[in-house]
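Trainee: I would like to learn how to read a model such as this one, step by step. Could we look at it together?

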Amino acid sequence: MNMAFMGIVLVAFIFMAIYMVIVYLINSSACMMLFTRGFSDKAWKAFIPFFNTFNLYYHLGIPYLYIVNVLVGIAAALIGKEWASVVVMIYSYVVNAFVESMVVKRFNQPMWLIVLGIFFPHITLFINGVKLGKGNEEVREYGPEL
């Protein structure tokens, strides 16, 4: 293999790894603010991958949707066709919009966050967490214990 090609692959891998760490940190800090400020839950639950999504769905009252998401991903992988990945991508956009609409309605946030949540779900969760502020007592009663 050509050394220049291997260098390009290495640089692309490094940039992708940095991007994934940044998305992980944004998503974890967003979930941490939502869990602690909105649901009176523990912050450590936000930093465990997959569990933070399940915990968010649990607090919103839709834990079954997490299982459906996993099953849709497995089905798409088993099908292995190109159109299956397009279906999963469209399904992801719809689910993100639905979850963001539930978060926005739960915390009485502006409706423009739903539209932003379709394309930037992690950033929208972060904005929702920041807008909750500290000591938001009117929403603390919704947090069930996991």
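Predicted model: local features only at pLDDT ≥ 70, side-chain atom pairs only at ≥ 80, totals over all residues.

Trainee: How many residues does helix H1 have, and how far does it reach?

Mentor: The expected span of a helix is 1.5 Å times one less than its number of residues. Helix H1, residues 3–38, has 36 residues and reaches 51 Å from its first C-alpha to its last, which is close to the 52 Å expected. At the start of H1, a side-chain oxygen of asparagine 2 comes to within 3.2 Å of the backbone nitrogen of alanine 4.

Trainee: Which residues of H1 are buried, and what covers them?

Mentor: Buried means under 20% relative accessible area. Among the buried residues of H1 are Cys31, Met33, Leu34 and Phe35, and their cover includes helix H2 (51–60), H4 and helix H6 (121–132).

Trainee: How many aromatic pairs are there?

Mentor: Rings pair if their centres lie within 6.5 Å, and planes between the stacked and edge-to-face limits, 30 and 60 degrees, count as tilted. By this rule there are 6 aromatic pairs. The rings of tyrosine 93 and phenylalanine 119 have centres 6.2 Å apart and planes at 55°, so this pair is tilted. Because tyrosine 93 lies in helix H4 (residues 82–106) and phenylalanine 119 in helix H5 (residues 112–119), the pair ties together parts 26 residues apart in sequence.

Trainee: Is tyrosine 93 partly exposed or buried, and which residues do ring pairs link into a cluster?

Mentor: Tyrosine 93 is partly exposed, with a relative accessible area of 36%, whereas phenylalanine 119 is exposed, at 56%. Ring pairs join Phe54, Tyr57, Tyr58 and Tyr66 into a cluster.

Key. Residues numbered from 1 in each chain as written. Heavy atoms only, no water. Helix = DSSP H or I, 4+ residues; strand = E, 2+ residues; numbered from the N terminus. Buried < 20%, exposed > 50% of the residue type's maximum accessible area, 1.4 Å probe, protein only. Contact = heavy atoms within 4.5 Å. Polar contact = N/O pair within 3.5 Å; in protein donor to acceptor, adjacent residues only side chain to side chain.
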